[in-house]
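Take a look at the protein below.

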Amino acid sequence: AFIQASDGAGHVFGITHREPADPDHETFLLHATARDLHGPWKKLAPVMHIDATQGETVIWAPHIISHAGRYWMFYCAGGNEHTAFHIHLATSPDLATWTRHPGNPMVVDGYDARDPMVVRIGDQWILYYCATEKPEGGHHVVKAATSQDLIHWSGQRVVFQSPKVGTYGGPTESPFVVAAKGRYYLFVCSNEPYNDTAVYVSDTPFSWDSANVIMRFGAHAAEVIHDSKDRWFVSSVGWGQGGLYLAELHWYQP
């Protein structure tokens, strides 16, 4: 998760367990900062250590926005039952001290519902996340829920469905939606191969067709960053990648 603080500094948060991969034991988040996205980056103290009192079994996939003078982190908190995974919320005044919301979980869904991403479109907030069409499995999908206050979420629906079926993993991980040039672009980690992101386009933020893929590029768990200088970047990170990467992103009028 990338976020630009009110003082202009860049911050990044993410899972950080030592290789080899051990996703069930991701229990806190890396925190680093830099004056500019190009670095140099400085590691700070880890944040968001797991809180078993809120039913958290893992800490995965944070996404952070700034709103109403606070920072809002949505993240996967796991749960003992993969057909009912939790997406939680924590807030912070300074990106260093985080307080979990007493109303957690924000969303409960399966299979392994996770990788939340929140964006304001029109008069509402939309939370996107990956899941399966049914809690016990099925087609891998991207779902969306809506809210007026970032706390009460409803109207969960499928907005993208892959032809592939399963439970763990799948080709709809790390959904990220960007409104640009009058259309809506859905970035998803297809895992075909592992280091691959597919981009789909639609005229609505609530429906993408798997046939409308407009490009693929080599990135895993991509997040799109639009900074205060009107520059666009896309990130890549993952097991076996050796670090966290950024590349410039350019939009071209079709």
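The secondary structure of this predicted model comes to 20 strands and zero helices.

How much of the chain is buried? Buried residues make up 50% of the 254 residues. Contacts tell another part of the story. Take those with a separation of 6 or more: 43% of them join residues 24 or more positions apart.

Now the surface. The protein exposes about 11700 Å². Carbon and sulfur atoms supply 53% of that area. As for charge, there are 17 positive and 26 negative side chains. The centres of these two sets lie 5 Å apart.

Next, the backbone. Two cis peptide bonds can be found in the loops. One joins N104 and P105, with omega about 0 degrees. P105 sits in the loop between β8 (99–100) and β9 (107–109). The other runs from E192 to P193, and its omega is near 0 degrees. Here the place is the loop between β15 (183–189) and β16 (197–202), where P193 lies.

Two leucines also deserve a stop. L95 is not a glycine, yet its phi is positive, near 70 degrees. Look for L95 in the loop between β7 (85–92) and β8. Is L95 buried or exposed? Its relative accessible area is 0%, so L95 is buried. L150 is not a glycine either, and it has a positive phi of about 70 degrees. The loop between β12 (137–147) and β13 (154–166) holds L150. With a relative accessible area of 0%, L150 is buried.

Finally, the aromatic rings. How many aromatic pairs are there? The count comes to 10. One of them is formed by F2 and W41. Their ring centres are 6.3 Å apart and their planes stand at 75 degrees. Planes over 60 degrees apart count as edge-to-face, so this pair is edge-to-face. F2 lies in strand β1 (residues 2–4), while W41 lies in the loop between β3 (30–34) and β4 (42–43). These parts are 39 residues apart in sequence, so the pair ties them together. What about cover? F2 has 9% relative accessibility and counts as buried, because the cut-off is under 20%. W41 has a relative accessible area of 33%, so it is partly exposed.

A second pair joins F13 and W98. The ring centres of F13 and W98 are 5.9 Å apart, and their planes meet at 90 degrees, so this pair is edge-to-face. It links distant parts of the chain, 85 residues apart. F13 is in strand β2 (residues 10–14). W98 is in the loop between β7 and β8, the loop that also holds L95. Both F13 and W98 are buried.

One more stop remains. Ring pairs link Y185, W232 and W251 into a cluster.

How values were computed
Residues are numbered from 1 along each chain as its sequence is written. This is a predicted model: local features need pLDDT of at least 70, side-chain atom pairs count only at pLDDT 80 or more; totals for chains, interfaces and linings use all residues. Side-chain values use heavy atoms; hydrogens and water are left out. Helices (H or I, at least four residues) and strands (E, at least two) are DSSP runs, numbered from the N terminus. Buried means under 20% relative accessible area, exposed over 50%, partly exposed in between (1.4 Å probe, protein chains only). Contact means heavy atoms within 4.5 Å. Accessible areas come from the Shrake-Rupley method with a 1.4 Å probe; for residues, only the protein chains shown count as cover. Lys and Arg count as positive and Asp and Glu as negative; His and the chain ends are not counted. The place of a charge is taken as NZ of Lys, CZ of Arg, CG of Asp or CD of Glu. Rings of Phe, Tyr and Trp (its six-membered ring) pair if their centres lie within 6.5 Å; planes under 30 degrees apart count as stacked, over 60 as edge-to-face and the rest as tilted.
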